[in-house]
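Q: Can you walk me through this one? Start with a helix pair, then zoom out.

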Amino acid sequence: MTEGQTIAETKRDRVRRILIEPLTEWGFRKPGDMRADRFNGFMAALCDGMGYLADEQLETLCAALRTRGEGKDRRGWPRMATITALAEAIAPRPIEEIPAMRRWFASVEGPKAVRDGALVALFLFWEKFKRPPLTDGDRRAIRDKAHGLDSDVRVRRDRERRGVASADDLQWLAWHNGIEGRAMALVGEGSGQTAAMPNTGGEA
C-alpha cells in the first residue's frame, strides 16, 4: 500500500468498531461457560449477523445491550438470541440475507401470493415475524393488509396520473414499488426470471 492510501473498512470491521469494541471497553467479556473457540465463532457470527444495520442503528443496539450482560457479574456477552431480538426491534434484517426465507419465496408459495395479489403483504409479514403465516389469523391479517395496500396503490396512482399527488403519495408509492421489486426478485429466483405482477391500477 502506497503512502496516502487507506484500506476500505469491511462490514465486520464496522460492526467491531461501532458495536463490539465499545461494549468490550464497557466491560463485556467471554461468558464463563463458553469455550474460547466457540466464543470466537460467536463474535464472527455477530459481525456477520449485524452487518445489515446502519451506523446509527448499531449505535442504538450498543446502547441497548449495555444493561443486558449475563452471568453473576452481568459482564458476560449476551446470547445471540437476545442480541438478534433487539436488532430486529431496531431494524428487521432483510429477508434477502436469510437463505431459508429466499427459498420459501422461490417455492410455490411466492407465485401463489403473486396470483392472489398478496405478495407485498406477505413479504411485510415475513419481514416483521421472520416466519411463514401459520394460523388462520395470520392468513386473515395478510389478506386484510393486501386489500388495504391495493386500495392505497389505486388511489395514489390515480392522483399521480392526474397530477395531484402529494409528496406523501409519491414517497409511499416509491416505498411500495421498492418492496414489490424486492419480493418479485425472490419469486423470480424459483424460475430463473422475474414473475409478472398483476395489475393494481397502474398504466398498462
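Q: At what angle do the axes of α3 and α4 cross?
A: Roughly 135°. The axes of α3 (residues 55–65) and α4 (residues 80–90) come within 10 Å. Axes here are lines fitted to C-alpha atoms over the stretch in contact, with angles from 0 to 180 degrees between N-to-C directions. Helices are DSSP runs of H or I, at least four residues, and strands are runs of E, at least two, numbered from the N terminus.

Q: Is this a real structure or a model? Which numbering and cut-offs apply?
A: This is a predicted model, where local features need pLDDT of at least 70, side-chain atom pairs count only at pLDDT 80 or more, and totals for chains, interfaces and linings use all residues. Residues are numbered from 1 along each chain as its sequence is written, and side-chain values use heavy atoms, with hydrogens and water left out.

Q: Back to the pair. Which residues of α3 and α4 meet?
A: From α3, Q57, T60, L61, A64 and L65. They meet I83, L86, A87 and I90 of α4. Contact means heavy atoms within 4.5 Å.

Q: New topic. How many helices and strands are there in the protein?
A: Nine helices and zero strands.

Q: How much of the protein is buried?
A: Buried residues make up 36% of its 204 residues. Buried means under 20% relative accessible area, with a 1.4 Å probe and protein chains only.

Q: And contacts across the sequence?
A: Take contacts with a separation of 6 or more: residues 24 or more positions apart account for 65% of them.

Q: What does the accessible surface come to?
A: About 12100 Å², with 52% belonging to carbon and sulfur atoms. The area comes from the Shrake-Rupley method with a 1.4 Å probe.

Methods. Buried < 20%, exposed > 50% of the residue type's maximum accessible area, 1.4 Å probe, protein only.
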